Amino acid sequence: MARNGGVAWMRTTEKIDGYDLSTSDTEEVHVLAVDDSLVDRKVIERLLRISSCKVTAVDSGRRALQYLGLDEEIQKKETNGFDGLKVDLIITDYCMPGMTGYELLKKVKESSAFREIPVVIMSSENVIARIDRCLEKGAEDFIVKPVKLSDVKRIIDYTTTELREGEQRGARARRRGINKRKQREGDDDLSSSPPSTLSSSTSSSPSSSIQSATAPLSPSTLDSPTRRLKMTSSE
Amino acid sequence: MDLVQLQRQLVDYRTSLYHEGFLDEQFTQLQSLQDENNPDFVVEVVSLFFEDSERLLNELSKALEQQVIDFKRMDAQVHQLKGSSSSIGAHRVQKLCIVFRNYCEAQNVEGCLKCLQQVKHEYGIIKTKLESMFQLEQQILNAGGSIPV
């Protein structure tokens with residue numbers, strides 16, 4: 001099934017450069033799913049597991065923030081949430097009592113620690129204004145409910161691509177860092193490293209430049225069927 | 001009834017549920033998510049749907065008995081019911097919820113009462129039909145057969 005294919009793919013990536021590329025502790029994408037509906041939580045959990053993801057499902061925006069360690073009222077115990085697992089993607093319902101998915105999106109994108117995490121919004125309502133508002137706030141994608149396996153697979157595909165590209169950029173940056181150090185120590189400046197956005201970065205450590213190199217919106221989101229507003233029979 | 005007959009009966013029953021608009025393709029989606037490692041997935045999700053729906057229908061009944069009716073709260077509850085019925089492919093219930101929401105928005109008590117009765121009725125039907133279908137599936141499994149896709 002898909003599960004084996006996903007894990008094997010990730011292992012291959014790690015061997016390509018011969019460097020230790022493990023920027024995350026796990027091979028699987030870890031998704032934080034947020035939905036107040038018990039039925040929908042069960043379904044999204046299954047969809048994500050089939051797509052080879054680790055899933056943490058919570059029932060409110062508030063709990064999602066607590067898990068991330070962003071809730072002002074609860075002291076952050078660990079930097080990465082209760083069980084120390086880094087979150088690679090957030091999928092949230094739009095209409096929830098208390099904090100809406102939009103408000104959760106805002107809080108995540110306004111936080112310096114978590115703004116790089118892609119956030120996908122799910123909604124049963126196919127309203128252009130709503131979709132636009134979410135995308136403008138930095139949402140990665142917008143899925144119209146009911147959620148299908150093809151929706152989830154598409155999102156996981158480009159999330160893992162972005163993660164992998166981030167890691168490869170990181171590895172290249174580390175190599176360039178090593179080369180530059182060698183050049184400084186040596187006499188000639190035989191720099192053959194290609195010009196890149198990373199070399200112009202003002203930050204000194206390669207790891208932080210990985211963050212800035214991540215594209216805020218991949219081209220594939222513009223091709224997303226939801227962006228083209230699929231016509232559903234409901235409403 | 002022998003195994004082959006049971007399997008045929010199941011396929012016919014399932015087909016009729018789609019044909020008569022009780023179920024839509026989202027139910028098929030759910031079935032495709034079930035496998036040998038997760039053989040009870042559909043039953044589990046549908047059970048959650050039953051619990052959720054009964055709770056919501058009770059709350060809606062109570063809401064309409066109040067002196068002052070909280071249409072906004074009712075609308076939120078119907079929205080929840082619409083969502084979960086859509087997620088499992090309970091097509092007729094979902095469609096009725098859309099009509100129900102319109103009545104909530106219009107603050108039309110008579111309309112809401114009528115709709116609630118209709119939703120309860122349709123919910124009762126789909127619950128019975130799904131339970132019958134699950135029973136058929138169990139009979140097939142007990143007879144040592146596999147559930148046809």
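1. B:Phe50 has a relative accessibility of 8% and therefore counts as buried (under 20% relative accessible area; exposed is over 50% and partly exposed in between, with a 1.4 Å probe and protein chains only). B:Tyr123 is also buried, with a relative accessible area of 6%. This is a predicted model, in which local features need pLDDT of at least 70 and side-chain atom pairs count only at pLDDT 80 or more, while totals for chains, interfaces and linings use all residues. Residues are numbered from 1 along each chain as its sequence is written, chains are lettered from A and ligands numbered from 1 in the order in which they are written, and side-chain values use heavy atoms, with hydrogens and water left out.

2. Over all chains, the structure holds 3 aromatic pairs (rings of Phe, Tyr and Trp, the last by its six-membered ring, with centres within 6.5 Å; planes under 30 degrees apart are stacked, over 60 edge-to-face, the rest tilted). B:Phe49 and B:Tyr123 form an edge-to-face pair, 6.1 Å centre to centre with 65 degrees between the planes. B:Phe49 belongs to helix H3 (residues 41-65) of chain B and B:Tyr123 to helix H6 (residues 109-142) of chain B, so this pair ties together parts 74 residues apart in sequence (helices, H or I of at least four residues, and strands, E of at least two, are DSSP runs numbered from the N terminus). B:Phe50 and B:Tyr123 are likewise paired edge-to-face, at 6.1 Å and 80 degrees.

3. B:Arg92 lies over the face of B:Phe22, at 3.9 Å from the ring centre (a charge sits over a ring if NZ of Lys or CZ of Arg is within 6 Å of the ring centre and within 35 degrees of the ring normal). The side chain of B:Arg92 also meets that of B:Glu122 in a salt bridge of 3.5 Å, N to O (a side-chain nitrogen of Lys or Arg within 4 Å of a carboxyl oxygen of Asp or Glu). B:Arg92 is in helix H5 (residues 91-105) of chain B and B:Glu122 in helix H6 of chain B, 30 residues apart.

4. In chain A, A:Asp40 and A:Lys145 form a salt bridge of 2.7 Å, N to O. A:Asp40 is in helix H2 (residues 38-50) of chain A, whereas A:Lys145 is in the loop between strand S5 (141-144) and helix H6 (149-185) of chain A, 105 residues apart. A:Asp40 is buried at 7% relative accessibility, and A:Lys145 is buried at 11%.

5. B:His79 is in helix H4 (residues 71-88) of chain B. Leaving aside neighbours within four places in sequence, B:His79 is in contact (heavy atoms within 4.5 Å) with A:Cys95, A:Ser124, A:Glu125 and B:Arg101.

6. Chain A has a mean pLDDT of 75, and 62% of its residues reach 70 or more (pLDDT is the predictor's confidence in each residue, from 0 to 100). pLDDT stays under 50 over residues 1-25 of chain A and over residues 189-223 of chain A. Where pLDDT is low, the predicted coordinates should not be read in detail.
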